[in-house]
Amino acid sequence: MSTRPKKCLLLDTPSLYFRAFFGVPESVKAPDGSPVNAVRGLIDMIATLVRQHSPTALAATMDADWRPAFRVQAIPTYKAHRVAQGDAEEVPEALVPQIAVIQDVLDAVGIARLESPGYEADDVIGTLTHQATGAVDIVTGDRDLFQLVDDARPVRVLYTARGIRNLQIVDEAFVTAKYGIPGRSYADFATLRGDPSDGLPGVPGVGEKTAAALITRFGSLDALLEALDAGVTDGFPAGSRTRLAAARDYLSAAPAVVEVAPDAPLPPVDLTLPAKPRDPEALVQLADRYGLDSPLNRLFDALGATS
């Protein structure tokens, strides 16, 4: 029985399969000619992450709803620029069929795959992080999850902006050095600054420096709003108080969009790393159909080395 300290590796799977799709040439095909670049790329990413970080638990989180109604209701522009048709996300045509293959592969391997109706993968990660009893490493290319870093537990983000083999380790010191704010204040900072990639407007005229100064001065968005509502004038950078007052409705609504849920409904699940395939027959069929023998062998070599 392993005596290693518990460490859970949480994968922001949509972030990773998009990165795999754009990082592995589309010329990588299955024997029948269908695209498998994202599938193969993701399998190899997981193998690398398991080998390098030696988790004792692993979960691949998914978007049950990439644009949840409660966030759209709060801020209608949330991800609106990424809507393809109806309420479907704009996804490259060659990636669409690969998502189902990725899900089938994860299930056949035995890696826990979790989603929650009405919530995003970020919320599943937030909930699993809240429930965790040991260290947590979150693998993502999404800065929103910086809000979860917590040195005391510890919770870190393994940020993929420079690639899986050159991850940035995001802890409280990183957040402070990068943004000039207390290490656990990223959500409040992002609310003020906004995030165009998510359609989050922020407070007009309040950029990174002003947002950082406000959060550092008041400590939290709630404390800032209390000071604003109480008529306090000290501590507001020039012109910012007027801008904040004009954006008061936005500042009340935005936390529901920015903050990841700590309580998304999740079924009981075993996050133990699989030592052998959960469904060997299904995995053989998937490997034969999509030409996945090599990446799957690398994955099970990594899983075996960790167990």
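In the predicted model, I138 has V157 of strand β7 as its bridge partner. This pair belongs to the contact between strand β6 (residues 135-140) and strand β7 (residues 155-159), which run parallel and are joined by 5 bridges. Both strands are part of an open sheet of 6 strands, arranged in the order β5-β2-β1-β6-β7-β8 with mixed pairing. The edges of this sheet are formed by β5 (112-114) and β8 (168-170), each of which pairs on one side only. From one strand to the next, the twist averages 25°. Strands of a sheet pair through backbone hydrogen bonds, in either the parallel or the antiparallel sense.

Strand β2 (residues 57-61) is largely enclosed by the rest of the structure, because 5 of its 5 residues are buried; the cut-off for burial is under 20% relative accessible area. In a regular strand, side chains alternate between the two faces of the sheet. In β2, A57, A59 and T61 point one way, L58 and A60 point the other way, and all are buried. Strand β1 (residues 7-12) pairs with β2 in the parallel sense over 5 bridges, and L10 has A59 of β2 as its bridge partner. Pairing of β2 with β5 is also parallel, over 3 bridges. Here A59 stands opposite A112 in β5.

Just after α2, S54 adopts a positive phi of about 45°.

Empty space within the model was also examined. Rolling a probe the size of a water molecule over the atoms shows where such space is left. The structure holds 1 cavity of 30 Å³ or more, and about 60 Å³ of space lies in the largest cavity. Its lining consists of V39, L42, I43, I46, I102, V105, L106, V109, I111 and L299. Both α2 and α4 (96-109) supply at least two residues each to this lining. By class, the lining of the largest cavity comprises 10 nonpolar residues, with no polar and no charged ones.

The largest pocket has a volume of about 730 Å³. It is lined by 31 residues, and S15, K79, R82, D142 and D198 lie nearest its centre. Two or more lining residues come from each of α1 (13-23), α5 (121-131) and α12 (255-258). Helix α1 gives the most to the lining of the largest pocket, with 5 residues. The lining of this pocket divides into 11 nonpolar, 4 polar and 16 charged residues.

The second largest pocket has a volume of about 480 Å³. Among the 19 residues that line it, Q147, L148, R184, A187 and V260 are the closest to its centre. Helices α5 and α7 (186-193) are the elements that give two or more residues to this lining, and α5 gives the most, with 3 residues. The lining of the second largest pocket has 6 nonpolar, 7 polar and 6 charged residues.

Technical notes:
Residues are numbered from 1 along each chain as its sequence is written. This is a predicted model: local features need pLDDT of at least 70, side-chain atom pairs count only at pLDDT 80 or more; totals for chains, interfaces and linings use all residues. Side-chain values use heavy atoms; hydrogens and water are left out. Helices (H or I, at least four residues) and strands (E, at least two) are DSSP runs, numbered from the N terminus. On a 1 Å grid over the protein atoms alone, a cavity is a set of points where a 1.4 Å probe fits but cannot get out, and a pocket is an open set with protein on both sides within 12 Å along at least five of seven lines; lining residues have an atom within 4 Å of a point. Grid points are joined across faces, edges and corners, and a volume is the space filled by probe spheres set on the points. Ala, Val, Leu, Ile, Met, Phe, Trp, Tyr, Cys and Pro count as nonpolar, Asp, Glu, Lys and Arg as charged, and the others, Gly among them, as polar. Two strands pair if DSSP finds at least two bridges between them. Axes are lines fitted to C-alpha atoms, for helices over the stretch in contact, and angles run from 0 to 180 degrees between N-to-C directions. Buried means under 20% relative accessible area, exposed over 50%, partly exposed in between (1.4 Å probe, protein chains only).
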